[in-house]
Each structure stands twice: as structure tokens, then as C-alpha cells.
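Hi everyone, and thanks for coming.

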Amino acid sequence: MNIAVANPWPAQSHPSDSPPHAIGQVGNGCIAGAERLTADGTGYRIMNAHRNRYYGHPHLIRVLQDIGVFVHQRGYGRLQIGDMSQPRGGPMPSGHRSHQNGLDADVWFELETPHRQLHKAGREYAHSGAPSMLTRDRDGLDLDLWSDSHREILKKAASIPQVDRIFVNPHIKLDLCRHAQGPRAWLQKIRPWYGHNEHFHLRITCPSGSSLCEQQDSLPAGDGCDDEALDWWLQQPLPPSAPQPVPEKNMPAECRSLLYAN
């Protein structure tokens, strides 16, 4: 199957009728028996529903719902959930190299509040997307947008046992390191990465019962707040804006069988 020539995965409109099972890697896999995240829930709503990318393993669904309840109880507003996985996972036609086996979700930093409510059409950001939390020159955080609520949401998310890691912009990692109080073990899961200035990318661990799921390497020891590590990230040049070619991979055989299963 030559994915570079023809990608059949986006054409699958519904999950397979099978027990939930994450298969393969986040960047080369699929998801059997995926669950659909309800469009509107307590403390969250999905964005860009037309993409049909709001499916995941039930463990991921529960994690997002848990964070939504936290946001609602704290009175922060409503989370805006971006891309998760396609109904059966697999590679997407645009936007991601990961998100393939139902373990990943993008969560916008912008919160819907009483002062900023979205009507249904406003949730379909086909060409814009969430606003950046960085200053215009991208050398720090815009404190008119960034707040304690964002710090608390990330701390809550990273403290959930099933969460494996969370990718954020290096300036956000630096801010969390500077403002964290009390136990700091949760900071280990907050990983600096290119971009991620308008959303955080949450990834859960391989769920129990998903024997074909390939767990990502363990995180380095420590909270990741040492100057040397953060300085390296903060000095990296901005990645190219144009999508870069991705080497084609052979998908797990189980994914090829799943593609056209009931």
C-alpha cells in the first residue's frame, strides 16, 4: 500500500466494530474500536468537526473528559479540542505525523469564556485556527493571553496517570518551570517541542489490553527544567513553514486488515 500515492484512511467514516485496541506507533499505526468524543461535553467542545478527527481509544476519551470537568469546576471556561485521530486512525492527509493510533489529542490554549462564545459555524476554523500564546516577535509569552489558568490546566493534565507526555512550546515549558510550586514530578511529562504555541499535544500511554501498541521510549529523569536543556530548545531556529517530506513506512499488518473491516 503506497500511502504517499493514495491515502485511504481519511475515507473511513466510522470506527471498526471491534474491541478497542491501539495498534503500532503514534506515527505509524491505527486504532480498532475507537470511541468518538462527544461534540459538546462538560468543560469542553470539539473544533473542526468537518475533519472527522475526533476519535480515540476510550482511555483518551476519559482523560479529555476528566480535564474538561476540572476546567468547568474551576470556572476557566471551556476547552477547545482540536485534532485527535481519524475513525480508524492511520496517517492523515495533512497536519500530523503522529495521531495515528488513537492516543493523541490537540487541546487549544484559547478557552471559550462568557466573553468569547462560539456559535456552531465559528467552530469550523478551516483556515485559521487557535491564536498563538507567544509575543509577536516570538521571544516569550504574551501575558495578555497566557495566564494561571493555562498553568493549572497543564498541571492537571500532566498529573493524570494515563498521560504519558505533553508537548508545548519551549517558552511555555520555561514559564511552567519558573512558576511551579510544590511537588514538581508532573513537570517531567511537559516536553518542549517545535511550534505548539497555540495548543498542547497530549499523549497517553499504551492502554492495557492493547498488546500491539508500541510504547514510546521512557522520558529522561528529572523535571526537564535544567538550564542546559531549555537553553538548547530556546536557541533552536524556527522549523520551516512548508511541510517536509515524510519517509513512507510499512504499516503493521493488523492495520491493513483493519482498514476495510466492518
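I'll talk about a strand pair and then about some aromatic rings.

First, some housekeeping: this is a predicted model, where local features need pLDDT of at least 70, side-chain atom pairs count only at pLDDT 80 or more, and totals for chains, interfaces and linings use all residues. Residues are numbered from 1 along each chain as its sequence is written, and side-chain values use heavy atoms, with hydrogens and water left out.

Let's start with strand β1, residues 21-25, which pairs with β2 in the antiparallel sense over five bridges. Strands here are DSSP runs of E with at least two residues, helices are runs of H or I with at least four, and both are numbered from the N terminus; two strands pair if DSSP finds at least two bridges between them. A hairpin joins β1 to β2 through two residues, and Ile23 has Cys30 in β2 as its bridge partner.

Is β2 mostly covered or uncovered? Mostly covered: five of the five residues in 28-32 are buried, meaning under 20% relative accessible area with a 1.4 Å probe and protein chains only, while exposed is over 50% and partly exposed is in between.

Now the rings. The structure holds nine aromatic pairs, where rings of Phe, Tyr and Trp (its six-membered ring) have centres within 6.5 Å; planes under 30 degrees apart are stacked, over 60 edge-to-face and the rest tilted. One of them is Phe109 with Trp146, edge-to-face at 5.3 Å centre to centre and 75 degrees between the planes. Phe109 sits in β8 and Trp146 in the loop between β8 and α2, so the pair ties together parts 37 residues apart in sequence.
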